[in-house]
Amino acid sequence: FIPVARIADMLLHPGEPFDYNGKRMPYPHIRLAYWAGGNPFHHHQDLARLKRAFATLDTFVVHEIGWTATARHADIVLPCTMTLERDDIGGAPTDPLMVAMHRLAEPNGLARDDYDIFADLSARLGTREAFTEGRSSREWLRHLYAKTQAALRERGLDAPDFDGFWERGELILPQQDDDGGILRAFRNDPAGKPLPTPSGKVQISSPVVAGFGYADCPGHPAWLAPEDAPTPAHPLFLVANQPASRLHSQLDFGAHSVSQKREGREVCSLHPRDAAERGIAEGDVVRLFNARGACLAAARLTEDIRPGVVQLPTGAWYDPQDADAQRPLCVHGNPNVLTRDVGTSSLAQGCSGQLTAVQVERYTGPAHPIRAHEPPAIGERP
């Protein structure tokens, strides 16, 4: 186990220790990575460093629905179905609605459900029966639904069989927190219904965490000076927020996501005063850069942004102009070429990529084509 935000550290520094949640653990030496679900070239930081990290692997296998940057860096890409191409059940512990997710389109090309891919791989390893337990994808949906059906019947609630649920399309589930949950119970009876904390009360400090001795996590709320503050060379704070035009980086090639860009590039917002000081006009292509890397974006001038701050949403697929360069220019506008690969704290080791310091200038170089959404050249297997 490692926190996912530390994957580059793990690949670049096998055997070295790291702190996490009061423990000191060694990074394992990983030679093969198998990634199904998620896109590290979206949610990780310092992408040039991440690229070097993945290059240390002997083999990198990826399931993907499209040619994301992660798929482009893989040795083996197994095409998998997207949500609209597979049958599934949608639900969550805090959502009263369980949904029958009907396949709306046939799988594109050679794409298959992840389960079917794993079932065939297990067959090659001689363990198909152990993996599948003799069930197909649809039979697993029936099997999993049967547990919900039985639980509903025990409560005397509406409990159609699987075929009835599948035809109906949805089912309302009872919610445990209808009465306000543990917080309401604690408020009404603090002594009889304590919270699941060491004191049984609401805590804003933790002697246990303080005892870990982490300088970056003292065990109580505190203001810590930023380690990546603006400097004369990089005087602007970059806010790399979640995008409004897509979920994270998903379907970045979709019409809605593309419609919010300018000439194919992600849009960066800055205050007119900062733009004027740099000779930047509305719609100009600008270069954002710091010591970690650089990217291009289209400028949007707005007084909604505080002076000294530039905003560039995450999610534009990484598109290096020269993939062989040490720190290539991303021509599409991915801010994670600029953000630093440092954990939030020694306690959590989470992603800390939202803020960093940069400089911005009007770009006058060659008009590099944007190829992030184009499939790579596929050659014949030798």
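User: What kind of model is it, and how are residues numbered?
Analyst: It is a predicted model, in which local features need pLDDT of at least 70 and side-chain atom pairs count only at pLDDT 80 or more, while totals for chains, interfaces and linings use all residues. Residues are numbered from 1 along each chain as its sequence is written, and side-chain values use heavy atoms, with hydrogens and water left out.

User: How many helices and strands does the protein have?
Analyst: The protein has 12 helices and 15 strands, taken as DSSP runs numbered from the N terminus (helices H or I, at least four residues; strands E, at least two).

User: How much of it counts as buried?
Analyst: Of the 382 residues, 40% count as buried, meaning under 20% relative accessible area with a 1.4 Å probe, protein chains only.

User: Switching topic, in which order do the strands of the open sheet run?
Analyst: The order is S3-S4-S5, with parallel pairing, where two strands pair if DSSP finds at least two bridges between them. Strand S3 (32-36) and strand S5 (76-79) stand at the edges with a single partner strand each, so one side of each has no neighbour in the sheet.

User: And how many bridges join S4 and S5?
Analyst: Strand S4 (residues 59-64) pairs with S5 over four bridges in the parallel sense, and Val62 stands opposite Val77 in S5.

User: Which strands does helix H5 touch?
Analyst: Helix H5 (residues 114-124) packs on the sheet and touches S3, S4 and S5, a contact being heavy atoms within 4.5 Å.

Key. Buried < 20%, exposed > 50% of the residue type's maximum accessible area, 1.4 Å probe, protein only. Axes fitted to C-alpha atoms, helices over the stretch in contact; angles between N-to-C directions.
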